[in-house]
Amino acid sequence: ALLDRPDFTMVYDSMHGVNGPYAKAVLIDELGQPESSCVNAVPKDDFNGGHADPNLTYAKELVATMGLDKKGNKIDVEGPIPSFGAAADGD
């Protein structure tokens, strides 16, 4: 399966929304992905001071992890870029 391949890595940004615990339950507990695959998974009333929309501007952490800037241009990053990245609308 794709998730079991050694050349596949992923990151899922919950944007501090209510979906964080569900994402961890599915991706980590059920599908066996590493803890590092879920970021910003603790829900916060104010989205931890951020914005809830998962786009190139507001999902800065995920966008940078994927080796891109807010305009979608490639940037240099330390370490490998995940094979797959996704974010959920925080609200």
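A nonpolar core, as I use the term today, is a set of buried Ala, Val, Leu, Ile, Met, Phe, Trp, Tyr and Cys residues joined through side-chain atoms within 4.5 Å. Buried means under 20% relative accessible area, exposed means over 50%, and partly exposed is in between, with a 1.4 Å probe and protein chains only.

Before the details, the ground rules. This is a predicted model, in which local features need pLDDT of at least 70 and side-chain atom pairs count only at pLDDT 80 or more, while totals for chains, interfaces and linings use all residues. Residues are numbered from 1 along each chain as its sequence is written, and side-chain values use heavy atoms, with hydrogens and water left out.

I start with the core. The largest one has 10 residues: Phe8, Met10, Tyr12, Ala23, Leu27, Ile28, Cys38, Ala41, Ala86 and Ala88. Helices here are DSSP runs of H or I with at least four residues, strands are runs of E with at least two, and both are numbered from the N terminus. Apart from this core lies another, of six residues, among them Val11, Met15, Val39 and Leu62. In soluble globular proteins, nonpolar side chains tend to be buried together.

Which residues does Tyr12 touch? Leaving out residues up to four places away in sequence, Tyr12 touches Asn19, Ala23, Leu27, Ser37, Cys38, Val39, Ala86 and Ala88; contact means heavy atoms within 4.5 Å. Tyr12 is in strand E1.

Three strands form an open sheet in the order E2-E1-E3, with parallel pairing. Strand E2 (38-39) and strand E3 (84-87) each have a single partner strand, so they stand at the edges and one side of each is left without a neighbour in the sheet. Two strands pair if DSSP finds at least two bridges between them. E1, residues 10-13, pairs with E3 over four bridges, and Met10 stands opposite Phe84 in E3.

Two loop residues have positive phi. His16, in the loop between E1 and helix H1 (20-30), has a phi near 60°, a positive value in a residue other than glycine. His16 is buried, at 13% relative accessible area. Asn40 is in the loop between E2 and helix H2 (60-65), and its phi is near 50°.

Now the charged pairs. How many salt bridges does the structure hold? There are two, where a salt bridge is a side-chain nitrogen of Lys or Arg within 4 Å of a carboxyl oxygen of Asp or Glu. Arg5 and Asp7 meet at 2.6 Å, N to O, and Arg5 is partly exposed at 43%. In the pair Lys24 and Glu35, the closest N and O atoms are 3.9 Å apart. That pair links distant parts of the chain, 11 residues apart, with Lys24 in helix H1 and Glu35 in the loop between H1 and E2. Lys24 is partly exposed at 32%, whereas Glu35 is exposed at 52%.

I finish away from the core. Tyr12 and Ile75 are 63 residues apart in sequence and 20 Å apart in space, C-alpha to C-alpha. Val77 sits in the loop between H2 and E3 and counts as partly exposed, at 31% relative accessibility.
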